[in-house]
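Hello,

The structure we spoke about is below.

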Amino acid sequence: MKQRLILITASLLISILTLGSGCAKAAEIDVQIPTSRAVYQRNNRNRADIFVRVKNEEGASISASMQAADGKSLSEDVSLAPTAEDASVYEGAIPNIPAGGWYSLKITATDPQGTAATEVIEKIGVGEVFITGGQSNSCSFGWEQTSAEEDMVSAFDPQTDTWQHCDDPQPCISGFSAGNGNGSPWPTAGDELYAELQVPIGFITTGFGGSSIAELARTSAEAKEEEPDKANPAGHYDAILDAITTMKVYGYRAFLLHQGENDAGNTSTEVYAATLTKLIERTREDAGFDLPWMVANAAYTYYTNSSQEAMILEAQQSVCDEETIFLGPYTDDMTKATGQRGDDDLHFNLDGLIEHGRRWAEKIVEKLIPDYSQLPPETLAPSAPPTADPPQPSARPAESSQPAAAAPMGSASAQPNAPSTTNAPLPPANPQPAKKTASYKGKVFTSGIFKYKITADSISGRRVKITDVRQKNKKSVTIPKKVKYKNISYEVGAIDKKALKKFTKLKKIKTPKALYKTCKAQFKGRKITIKKY
């Protein structure tokens, strides 16, 4: 009996091994583009073509499709084609995916023997992507690290070509960009943009501490040619070029520049304006389209005077035509004296980083983002199933409801999902009311339990900051989003550094999302419940 059992067991084992040896294992699916947390730039139809690159064995059949978070299909299966350079690398695009996220990308690979395998990449979004650059205040030189509160704010790491949550220090390849490894304005800007636009937000940082405008406009190789006798001549365009080239598969809305401090007292108005113009033209040539720019109005340092700074501010203003080059946030009023820069009176502290990011978001929404609500209903409807032969990502978005024309990915014009800057079919974003005849900027007034100071009062924005509190024994407080003065509505946009600390018995505070980080900073170390709305 035992011998019979042994023979049966051995026979079964041999059968299993024989069957196993005949089973082919599907090759691993290496999804190179996109990675999790990727954000694709939406076009003027509020959609994007999702470019996909996969590595698998030669002769395989590869398909890709998109799904919403609720499992709803956003596309049919789209076949990826092997590239001419490498038959084991497959590329293609899933067209007309509507803005939003997070979505899931499903890749199915079937080898020549018919064995199939599947890979799913989670957290893929369609929204707004920005390349940022400049000197130290454009990257991680702030006095404290910040982190995006919203999950749908991402940062691209050019060292690994992957996406991650937008936490400081911002990933970058420019070398000195990490600064002291601390804070930047971009996590806060991302939170503010998401709150306003309700689409995923992505950033890629190219800044380099201490850069002049001339150094940003040339590569390191060009710097050595121009200054052969100098030991280490600076040229920082390399990081900008890398971002422009690498991010073409995702697309980008605009380039955001914060720079000017290093040129104050060193560069004339005319030379700065000419060099900035040259830099902008160079990025557009490398991008393959008229890349929009937003330039911060910034030149303040503790070691320059107002006349030296004014020369740079004037140069920045002169370059901005408000058509494709836009004047961004003014930041020279944010100093150590106002409680927004650190002990060096040069780099922003936590309150300054938050305000800096908020100002960037405000200008971006005001000047760069079309009013998508004006699109025809059919444009906003769920994406129609793609054709059997989907178009490749195009150099520019279509100006109609039809899919964009094809462009090979190897061509210079292959910039998928690039927002159009000419003949845009949409009205300007957030049209402003007619200008008032009087300005109340600087006016101090009391409303409710707070004292306010009007910090901005123009068609570009009306804001106040909380400067003091009444009823200091309050245990529960709500900070309003807006407050009225002379029947005019103002946004509550900031809080003086020590204002809220005057609440001696406070247990709970409810704050708008825009002021949440400020409240956390002011109540650090105190057991106070902070809720945002």
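Buried here means under 20% relative accessible area, exposed over 50%, and partly exposed in between, with a 1.4 Å probe and protein chains only. This is a predicted model, in which local features need pLDDT of at least 70, side-chain atom pairs count only at pLDDT 80 or more, and totals for chains, interfaces and linings use all residues. Residues are numbered from 1 along each chain as its sequence is written, and side-chain values use heavy atoms, with hydrogens and water left out.

Cysteines. Cys172 is buried at a relative accessible area of 7%, and Cys139 is buried at 1%. The closest cysteine sulfur to that of Cys139 is in Cys172, 6.8 Å away and too far for a bond. A disulfide is a pair of cysteine sulfur atoms within 2.5 Å, and the structure holds 0 of them.

Helix pair. Helices (H or I, at least four residues) are DSSP runs, numbered from the N terminus. H2 (residues 186-197) and H8 (residues 350-367) have axes that come within 7 Å and cross at roughly 40 degrees. This makes H2 oblique to H8; angles under 35 degrees count as roughly parallel, over 145 as roughly antiparallel, 65 to 115 as roughly perpendicular, and the rest as oblique. Axes are lines fitted to C-alpha atoms, for helices over the stretch in contact, and angles run from 0 to 180 degrees between N-to-C directions.

On the H2 side, the contact (heavy atoms within 4.5 Å) includes Trp186, Leu193 and Leu197; on the H8 side, Arg358, Trp360 and Ile364 are among the residues involved.

Regards

Conventions:
Helices (H or I, at least four residues) and strands (E, at least two) are DSSP runs, numbered from the N terminus.
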